[in-house]
Amino acid sequence: MEASNNIAFKEWAVVVDALGQGEQVLILRKGGIREERGEFHVDHREFWLFPTQYHEAEQSIIPSKRPTLQHIAASAPKDAVDIEFYVVVDTTVRITDFTRVKQLQGRHIWGERALQERFQFGRETGLHALVVRAYRRQSPGRFPMRESYGGCKSWVELERALSTESLTPVLQDVEYSARREEIVEMLTDHALAYS
């Protein structure tokens, strides 16, 4: 793990919460409008999670997480972002068969319809699946919102690097390994694995 890092990955705040609570070890990504050619690339193997509110819609996540979404939206700082979780990418797979996405249900908080729309969006069908290990800071680092953090893109550079020195994993080794193995086994028998 890097000693410090200023790279952050923009993700829905409710998904950041699920990763930070150990409810999922999976990021599913298509690509933002401002990505190169609208395609997502895993430019970094470890990064901070940058929670966003902009695109979140209750119908896009499973019903049991909708109260969490509402609570997070109501309590989020208006002109700042709190950075609390760091992830290290373990495995990246491009999913080209939507039946494989359906098999992942129960291992993430997205609704099937939202994932179907993401899967179909753009020139090429498919999604990127990132199996990640999440770590928690002792206290969140607060950053004032800047124009450079805005827009429909995955990656941002924070104004300062945060130390990773005292991070703690959100899941113990045995539990994380079991979840990782289950997902990797599901996905790598059909898809193009990058790592």
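## About the model

The model is predicted: local features need pLDDT of at least 70, side-chain atom pairs count only at pLDDT 80 or more, and totals for chains, interfaces and linings use all residues. Residues are numbered from 1 along each chain as its sequence is written, and side-chain values use heavy atoms, with hydrogens and water left out.

Let us begin with helix H1, which spans residues 13–20. Helices (H or I, at least four residues) and strands (E, at least two) are DSSP runs, numbered from the N terminus. Among the buried residues are Ala13, Val16, Leu19 and Gly20.

What lies over them? The cover of the buried residues of H1 includes strands E1 (4–12), E2 (26–29), E3, E4 (80–95) and E5 (127–144), together with helix H2 (66–75). After H1 comes Gly22, with a positive phi near 80°.

## How H1 meets H2

Two packed helices are described by the angle between their axes and the distance between the axes. For H1 and H2, the axes come within 9 Å and cross at roughly 110°. Here, axes are lines fitted to C-alpha atoms, for helices over the stretch in contact, and angles run from 0 to 180 degrees between N-to-C directions. H1 and H2 are therefore roughly perpendicular to each other (65 to 115 degrees; under 35 counts as roughly parallel, over 145 as roughly antiparallel and the rest as oblique).

Ala13, Val14 and Asp17 of H1 make the contact with Thr68, Leu69 and Ile72 of H2, where contact means heavy atoms within 4.5 Å. These residues divide into 4 nonpolar, 1 polar and 1 charged (Ala, Val, Leu, Ile, Met, Phe, Trp, Tyr, Cys and Pro count as nonpolar, Asp, Glu, Lys and Arg as charged, and the others, Gly among them, as polar).

## Two nonpolar cores

A nonpolar core is a set of buried Ala, Val, Leu, Ile, Met, Phe, Trp, Tyr and Cys residues joined through side-chain atoms within 4.5 Å. The largest one has 43 residues, and those with the most contacts inside it are Ile27, Leu28, Phe47, Leu49, Leu104 and Leu187. Strand E5 gives the most to this core, with 6 residues. A second, separate core has 13 residues, including Ala8, Phe50, Val81 and Tyr149.

Leaving aside neighbours within four places in sequence, the contacts of Phe47 include Ile7, Ile27, Val87 and Trp155.

Thr52 sits in strand E3 (residues 46–52) and is buried, with a relative accessible area of 16%. Not counting residues up to four places away in sequence, Thr52 touches Lys10, Glu11, Trp12 and Ala13. Phe119, in helix H4 (residues 112–120), is buried too, at a relative accessible area of 4%. Beyond four places in sequence, the residues that Phe119 touches include Lys30, Ile95, Phe98 and Leu127.

Arg179 belongs to helix H5 (residues 173–188). At 23% relative accessibility, Arg179 counts as partly exposed. Apart from residues up to four places away in sequence, Arg179 touches Gly22, Glu23, Gln24, Val25 and Leu171.

Technical notes:
Buried means under 20% relative accessible area, exposed over 50%, partly exposed in between (1.4 Å probe, protein chains only).
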